[in-house]
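Visitor: Please take me through one part of this structure in detail. I would like to look at the place where two chains meet.

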Amino acid sequence: MAIALNARLSKEFWVSVALPLLVLALVVVGVLAYVHVSARNLTRSNIANDLEAIVRLKAGQIEQWQAERGDDANLIITRQFSTDLQQWLAGGRRSRQMEQRLRAQLEFFGASHYFALSLRSPVDGRILLTTNSHPDLPDLPPIRAQAVACVKSGMPAFGDLHVRKIAGGMMTTTGLFTPVRDAAGVQILAVLHLILDPEELLFPLLQTWPGVSASAETQLLRREGDEVVFLNKLRHHSAAPLQLRLPLATPQFIAARVIQNGNGFYEGNDYRGMPSLAYGMAVAGTHWYLIAKIDTAEVAARLNAVMTYSAILLAIMLLASAWWLIERRRKEQALLAALAESEDLYQNAACGYHSLDRECVFVRINDTELRMLGYDREELVGKKRIQDLHTPESLRRFKEHYPHFIASGQVRDLEFEFLRKDGSVLPVLISASMVRDSAGRYLMSHTTVYDISERKRAEQELAAYTERLHQLSTHLQTVREEERARVARELHDELGQLLTALKIDIVRLRGQAPADTAMTTQLAEMTALVDQTIASVRGIAADLRPIMLDELGLKSAVEWLSEDFAKRYAHISFKLACALDDCKVEGEQATAAYRIIQECLTNVVKHAQASKIHVAIGVRERRQLHISVQDNGRGLQQHGGQGGFGLLGMRERVSALGGSLDVSSMPGEGVVVDVVISLAQVDGGGAVR
Amino acid sequence: MIRVAIADDHLVVRQGVRKIFDDAAGYQVVGEAANAEDTLQLVREAKIDVLILDMSMPGRSGIELIKQIKAEKPKLPVLVLSMHGEEQYAVRAIKVGAAGYLTKESAAEELINAVNKVSMGSFYITPTVAERLALELNATHDAEPHKLLSDREFEIFRMIVAGQKGCEIAAALSLSSKTVSTYKARILQKMQMGNSAELIHYAIEHGLSTPAYLA
C-alpha cells in the first residue's frame, strides 16, 4: 500500500510540480528573448539619438568657434588699420614705421589667442607681414591658394587643416582668411590670415565625450580626392592628425559612407575594422564631416550586462518558485497523509467516536462505534437522536447529566446503556466535550464511547465471586460458632454434671470418713481438685462461647464479658452502657454483637495502650442495634494490627447481617468502632432493607 | 419432713442430690423430672415443699420454666441448682421468682442449708448477687440515650446543651474544632437526634442542664 501511495504521489508530483515549473521556465525564456530584442532595439535608437545629439552639439560648437574667430578678424580690421595698410602698400612696403604700426596692431589683438597672424598678398597669397618670425611658419602652396580663393569670393573663409613638418615633429594648423579692404571698402588690399593651433581648442573639443565609454569618440574628416582623411588625433590609432587615410570606395567603413551619403545614422566598421554605431554629419561652412561613434560591442556589452542580471534575477525567482511549489506540495502531501492517518485513527479507533448537534442528532460517527451498535452510518447520521439509543433507565440518567454538559461544556466517564440495532444492551462509558464556534455557540459535541460490556461482565463476575466469598465466610463463621457452641455445651453440661456428681460423692465420703485422718485430708484435696476442674471446664466453655448468650441474651452476656474483662485487666477503666431495653437481640445478631465487642476489647488490649474503654449498646426503634466501642489509646495509626483479619472478620460479620462498621480514630483520642446491625432480619424474617 | 422434688436432665446429678438428702434426716425426695414438661407435671401433681431446678434442661429455657412454675404455684419455693457460676444467672433467676440460686459444685456442702432456707420462705443467695439485685432496683432506667455517651462525649454534651459554641468547647478542652464537631456528630448519632436544639430539649426534660437563658 505504501509503494502504491508513493507511485501515485510521484506521478502527482510530476503533474503538479514539474510541469508548471517547466511551463514557467519556457515563459521566462520567451520573455527574456523578447525583452532582449526590444531592449536591443531601444538601446540602438537611444544610442542613435545620443550620437546625433553629440554630433550636433559639437558641430554647433565648431561653428560657434569659427564665428568667434570671424569676430576677432573684424575687430582687427578697423578703418585705421585699412588706412595704414593702404599707405604701407602704397609706399611699396618700405616704410618701416608703418610696418611696425601694423605689426603692433596685429600683435595687440591676436598674439594671445593665435599661433600667428599674417597679412597675405591678394594676388598670390604670399606673406606680406607676419607676427611670428618662426622659421617653420608655413607658407605652403595650398594656403596661398586659399588666400587667393578668399580674395575671389570676397568673403571670409576658414582654411583647412594642414600639417607640416617642424623641428621635433609634425604640426597641424588651420586658419581664417579674411579680406582686408581699403577705407572705401572697394579694393581688397590684402588677406588677413589668422593661424590657429587646433590642439588648443578644436581637438580638445572633439576629444571630450559626455559620460564614460571605453570606445566612444568623435572623428573629424574630409575628402581628399578618392580618399577620406581623418583630421583629428584618433583615440584608437597612433597616427598623427591628417595621417590616416582610407579609400572612399570602401563602403564597409562608416567614414567613407558618411562622406558619400551625408547626414545620418550608420552601422558599419570604424577605421580599425571594429563594428560600430555612428552618426555622421557635415559641418556647415567647412569641408569637414563630424562622426560620433561607439563600438557595437560596448553597446552590446551594456545590454548583455542588463540581460544577464535580468536572467539571473529571473532564474533566482524561478528557483524560488520551484522551491515554494515543491515545499507546498510536500506540505500538502504531509497534510494529506496526516488527514488520511487521522481519518483512519478516527474510523478505526479502539473506542467509538460520535458528534451530535444541538438537537442531539448524530452529525458523524466512526466505524468502531457503528460496529458496536450494529447500525449503518446512513441509519444514524442526520436521522437518529442519541436519546433513541438509550435504554429507558439510561435515558433517565442522560437527562440528568445533559444540562450539566450544556453548562460546563464537558462530562467525564459516565456509564450509560445503549440499545444495539438487534435490541441487545451495550453498556458504555462516555466522555464528551463541547465544540463551540468562534462566537462561543454550541456547534457539536465530541464524544468518546467505550464498550464496557467486558468490564461489566468482569465486575459482575467479581461481585458474584465476592458474594460467594462472603457467603463462605459467613457460613464458616456460623459453622465455627455452632461448633463452638456445641463443644461449649458438651463441656459445660456433660463434663460439668459428671464432675458435680463426682464432687457430691467425694463430699459424702468426707462426711463418712473418720475426722482428721489422712483420708479426710486427701478427700479435701480431691474436692479442691474437682472444684478446680469445674472452674477450668467452665472457663474453657465460656471462652469457646458463653452459653449465657443463648440462655440469657446479649445484655447478660455482655455484662458478664465486661466483668470478666474488668477482672482480667484491672488497670483499664471499663464502662459499659447497655440500653437494650426489653428488646431481644438473638441469634446471629447477638452472636455478631458479642463477638464484635469481644474482638474490639482484644484489639484494645493488644494495641491501644488505653486506660479507658467505653462500650455502648443501644437499640433504635427496635430495628437497629448500635454498638460503639471507644478507647482513649494511641489511635489507629499506631495500631499495627487493627487493619488485620480481626477487623476484616468484624466487617464480614456486619456486612453479612446488612449492617455497617466504621472505624475512626482521632489522634490522641483513641479509636472509635461504630457498628450498626439491622434487627429487621429477626422481625421481618430475613429481608434486609 | 421437707418434701423435695428434683428437676435435672442429668441422672448422675439427680442421684447425687438424692444421696445428699438420703444422708441427711428430715428430707424426702418426692419426685424427679428430667425435662421441662415432666417438671411442670410434677409440680402440678405432687405435693412439694421445695423444687430443686436445673436451669438448663431440654424443652424450655430455665427462666421461662421458673416463670411458668411461679405462675402456677406462686408459693412453691424454687431453688435453682445450676452448672452456671455466673451471677447473671442468679440475678435473672431471682428476678423471675426463684427463691435461691446454688451452683452445682457447691451443692455437696450447701444444698441442705439452701433448702432449709428457701423452705422457710427466705432467700438463698450469695452476698454479691444480693448487692447486684439491690443495685438494679436502685438503678435509673438504663435505656436512656444519654447513658450511651462516653465520659468525654457526655462532657461535650453538657457543654453543648449549656449553649457553648464549638470553638469555645474546643478551647476549653484543648481539642481542635474538627474533633469537637466529630464528637458532636457522634453524640447526635448515639442519641438519635438531628440537631443541638433537640439535645437541649432532651437535656431539659431529663434535668441534665439548665438552659443558658435561665442560668
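How many salt bridges does the rule find across the interface of chain B and chain A?

Guide: The rule finds 6 salt bridges across the interface of chain B and chain A. A salt bridge here is a side-chain nitrogen of Lys or Arg within 4 Å of a carboxyl oxygen of Asp or Glu. The side chains of Lys503(A) and Glu109(B) form a salt bridge, at 3.4 Å from N to O.

A word on the basis. This is a predicted model, where local features need pLDDT of at least 70, side-chain atom pairs count only at pLDDT 80 or more, and totals for chains, interfaces and linings use all residues. Residues are numbered from 1 along each chain as its sequence is written, chains are lettered from A and ligands numbered from 1 in the order in which they are written, and side-chain values use heavy atoms, with hydrogens and water left out.

Now the contact itself (heavy atoms within 4.5 Å). Chain B gives 44 residues and chain A gives 48 residues. The buried area is about 3,900 Å². That is the accessible area (1.4 Å probe) that the two parts lose on being put together, summed over both. Carbon and sulfur atoms give 53% of this area. In chain B, Met83(B), Gln88(B) and Glu105(B) lose the most area to chain A. Together they make up 16% of what that side buries.
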